[in-house]
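This report goes through one model by region.

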Amino acid sequence: VIQGRKRNRELTPYVIAVMMGILAYFLAITGFASNPFERLPVSPVEGMGLNPLLRNPGMLFHPPTLYLGYVGFTVPFAFAMAALITGRLGDEWIRSSRRWALFAWFFLGMGNLLGAQWAYEVLGWGGYWGWDPVENASFMPWLVGTAYLHSVMIQQRRGMLKVWNIALIIVTFALCVFGTLVVRGGILSSVHAFAVGSVGPLLLVLLALVLGGSLWLLWMRLPALRSEHELDSMVSREASFLLNNLLLVGAAFAIFWGTVFPLISEAVRGVKITVGPPFFNQVSGPIFLAVLVLMGICPLIGWRKASPENLARNFLYPLLVAVATGVVLYVLGLREPYAAVAFATLAFVGASLLLEFYRGVRARHRGRGENYVLALPRLIWANKPRYGGYVVHVGVILIALGIVGSQMFSTNVEATLAPGESLQIRDYSLTFQGLSEQNQGQEQEVSALLQVSRDGDPAGSVAPSKSFEQNREESVTHAAIRSTPQEDLYVILGGWTEDGKATFKVLVHPLVMWLWIGGAVLLVGTAIAFWPDVREERRVPVVERVPARGMRPSHA
């Protein structure tokens, strides 16, 4: 099932052994330490039922996708361990596990995105990412996995970074185990974590075994993992990929440090100091902006060493687009420097990707006589890993657009209104019409109706609400969201009084919809990159993998 037996006759037994060992460990935990079928000491007459926050279609997709991401990284980790055990340290293990790594990376990323959408629509707090320890635990392996997927291309092209690639997949899988530890071990306080039990120490032992055993194997094989080539120039695609790797790993480390800092502070000073979202935003924001810049630079630089003519030819138009974007935004009234830099960066990356697609289409049009409409899909299909990756980058640009817009330009207003009164936020006017109450079995729901107008024109109505269950003390907030590609109007019902007044929190989040659109584009790009490609079957010697100095790879 993992790969054809003939192709991996030497690696497969060890791959299966590693995976079976991991599976046996988790089965032992399930069977002896955390039995899901264990009976309660006293059977309740009537249970409380499923938590209302989980009664949402998003819960059909978010947990399974995260689970597939965590579990999926077991396969490339097992291939890396098999390569270390057998001494077959070329790129065979990478080729054999590339799709599994892409599979796990995609589902882990989509799990995070679906979790953000669920939090945005269901939790009713006005945001989609709170830097919670469990959120961070699933984000960190995705970051390191992203670095791994980019880094292995250098090994396949030039036989470099062999130690780095194995270290990346080890860290990625270790972070998957750490994420499981955070969720099930109760070591960190989180609204997403389960109750503390005996699972935590066992998962900690597994994490120690994974790190200790894999790093020991890596140390033993270090002499055989020498690079076949050296970095020729810092102005090359290899150097930009390596810098991109360092930034992604640095972001993961910064998030890890902020996540575990409460444990460290409690152990050292006896006081648990919690690190809040401002720390993560201030540290990770510049790093991710630099990653975006490199995402635009990498396709424009040739392998080995880029000539000045190459740089001038490839960077001219993307830089002009970036500068023009900054000027237009300034003329339109944007005075926030960080936002202007972010939008200009996104324009630069988008222009560099469009330039790559245009050059490839033009090459097919001139060389094969294809019209431009047919040349684009044929270009993508002829080199699916490369252009599928570019489509993924387009999805990342759209996700970043949504994050920048919603984080830097959101506004909010809180007000208590009597029926007939209105509140203003930006160009919206919301008029409170009154409260209504509905009873459905053991559930009671109170909703508020507000008429919405924008620039004086009617724009429909929204009805935020709160629901209560007789057997639960806490209420559940149901936000009302009016979503457009330009912005979201987000209305929360805070509370009400006996005389009919109600308290509202209203937020306007620009560009949030592009988060979800970017996720859909990322899905399409990953599917293209995942699809079998004949080029992957070609076993090219290392000395023939890179075009001659100064030449660019073919777009066909």
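## Terms and model

A residue is buried when its relative accessible area is under 20%, exposed when over 50%, and partly exposed in between (1.4 Å probe, protein chains only). The model is predicted: local features need pLDDT of at least 70 and side-chain atom pairs count only at pLDDT 80 or more, while totals for chains, interfaces and linings use all residues. Residues are numbered from 1 along each chain as its sequence is written, and side-chain values use heavy atoms, with hydrogens and water left out.

T65 counts as buried because its relative accessibility is 11%. This residue lies in helix α2 (residues 62-72); helices (H or I, at least four residues) and strands (E, at least two) are DSSP runs, numbered from the N terminus. The T65 side chain comes to 2.8 Å from the backbone oxygen of H62. Beyond its neighbours within four places in sequence, T65 is in contact (heavy atoms within 4.5 Å) with F107, L108, M110, G111 and L114.

W118 belongs to helix α4 (residues 92-123) and is buried, at a relative accessible area of 8%.

## Helix α1

Helix α1 (residues 12-33) contains 22 residues and spans 31 Å from first C-alpha to last, close to the expected 32 Å. The expected span is 1.5 Å times one less than the number of residues.

The buried residues of α1 are T12, V15, V18, I22 and I29. Down the helix axis they fall within an arc of 145°, so they line one face of α1; the arc is that of the directions from the axis to the C-beta atoms. They pack against α3 (74-86), α6 (162-185) and α7 (199-220). Exposed L27 and F32 sit on the face turned away from the buried side.

## Nonpolar cores

A nonpolar core is a set of buried Ala, Val, Leu, Ile, Met, Phe, Trp, Tyr and Cys residues joined through side-chain atoms within 4.5 Å. The largest has 86 residues, of which W93, W105 and Y148 touch the most other members. Outside four places in sequence, Y148 contacts W93, I94, S97, A101, N165, L168 and I169. A second, separate core of 30 residues includes L292, I397, A400 and L511.

## Confidence

Average pLDDT (the predictor's confidence in each residue, from 0 to 100) is 86 for the protein chain, and 92% of the residues score at least 70. Over residues 539-556 pLDDT stays under 50, and the model has 49 contacts beyond four places in sequence for this stretch. Where pLDDT is low, the predicted coordinates should not be read in detail.

Definitions and conventions. Polar contact = N/O pair within 3.5 Å; in protein donor to acceptor, adjacent residues only side chain to side chain.
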